[in-house]
Amino acid sequence: MIGRLNHVAIAVPDLEVAAEQYRSMLGASVGEPQEEPQHGVIVVFVNLPNTKIELLYPLGEKSPILGFLEKNPAGGIHHVCYEVDDIVAARDRLKASGARILGDGEPKIGAHGKPVLFLHPKDFNGCLVELEEV
């Protein structure tokens with residue numbers, strides 16, 4: 001069901017500093033910050049030959065990243081994102097298997113402009129999983 005790894009998301013306490021680390025220290029191609037108000041984040045994508053790193057920073061006082069950074073002030077891996085061909089079919093299969101879909105269970109449009117869902121970390125070895133339809 002899952003395809004390739006789309007990205008690894010890292011919550012960061014300072015978006016500019018993190019982007020510059022990837023750019024100057026690691027020599028990566030780093031995109032511009034983009035606000036995603038419906039998800040409460042500002043994202044910067046670091047483009048790698050085989051995947052992406054998504055740097056996450058809180059946008060607004062209801063951002064889910066705020067709580068994560070309170071528990072992890074230095075930042076850290078927030079989630080991994082896998083590609084799926086059909087997000088509704090994937091959701092239905094996962095629900096039938098007992099997996100919990102976060103939110104209302106309906107796909108939302110993610111930072112790449114494609115439908116996404118998040119799966120409860122307690123169902124996946126403590127890892128928050130995002131699925132993105134490609």
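Colleague: What share of the 134 residues in the chain is buried?

Modeller: A residue is called buried under 20% relative accessible area, exposed over 50% and partly exposed in between, with a 1.4 Å probe and protein chains only. This is a predicted model, where local features need pLDDT of at least 70 and side-chain atom pairs count only at pLDDT 80 or more, while totals for chains, interfaces and linings use all residues. Residues are numbered from 1 along each chain as its sequence is written, and side-chain values use heavy atoms, with hydrogens and water left out. Of the 134 residues in the chain, the buried share is 41%.

Colleague: How many helices and strands does the chain have?

Modeller: Both are DSSP runs numbered from the N terminus: helices are H or I with at least four residues, strands are E with at least two. From the N terminus the order is β-α-β-β-β-β-α-β-α-β-β-β. The chain therefore comes to three helices and nine strands.

Colleague: Why is the chain said to be as compact as a globular protein of that length?

Modeller: The radius of gyration is taken over C-alpha atoms, and the globule rule is 2.2 Å times the number of residues to the power 0.38. For 134 residues the rule gives 14 Å, and the chain is close to that, so it is as compact as a globular protein of that length, with a radius of gyration of 15 Å.

Colleague: Which strands pair with β1, and in which sense?

Modeller: Two strands pair if DSSP finds at least two bridges between them. Six of the seven residues of β1 (residues 5-11) are buried, so this strand is largely enclosed by the rest of the structure. With β5 (residues 52-58) there are five bridges in the parallel sense, and His7 stands opposite Lys52 there. Val8 stands opposite Val80 in the other partner, joined over six bridges in the antiparallel sense: β6 (residues 76-84).

Colleague: Which side chain makes a polar contact with the side chain of His7?

Modeller: His7 is in strand β1, and it counts as buried because its relative accessibility is 1%. Its contacts (heavy atoms within 4.5 Å), leaving aside neighbours within four places in sequence, include Thr51, Glu54, His112 and Glu130. A polar contact is a pair of N or O atoms within 3.5 Å; within protein, one must be able to donate a hydrogen and the other to accept it, and residues adjacent in sequence count only if both atoms are side-chain atoms. At 3.0 Å, the partner is Glu54.

Colleague: Is Pro64 buried or exposed?

Modeller: Pro64 lies in helix α2. Leaving aside neighbours within four places in sequence, Pro64 is in contact with His39 and Gly40. Because its relative accessible area is 51%, Pro64 is exposed.

Colleague: How many Å apart in space are Gly75 and Asp14, C-alpha to C-alpha?

Modeller: Gly75 lies in the loop between α2 (64-71) and β6. Beyond its neighbours within four places in sequence, its contacts are Ala11, Pro13, Phe68 and Leu69. Gly75 and Asp14 are 61 residues apart in sequence, and their C-alpha atoms are apart by 9.0 Å.
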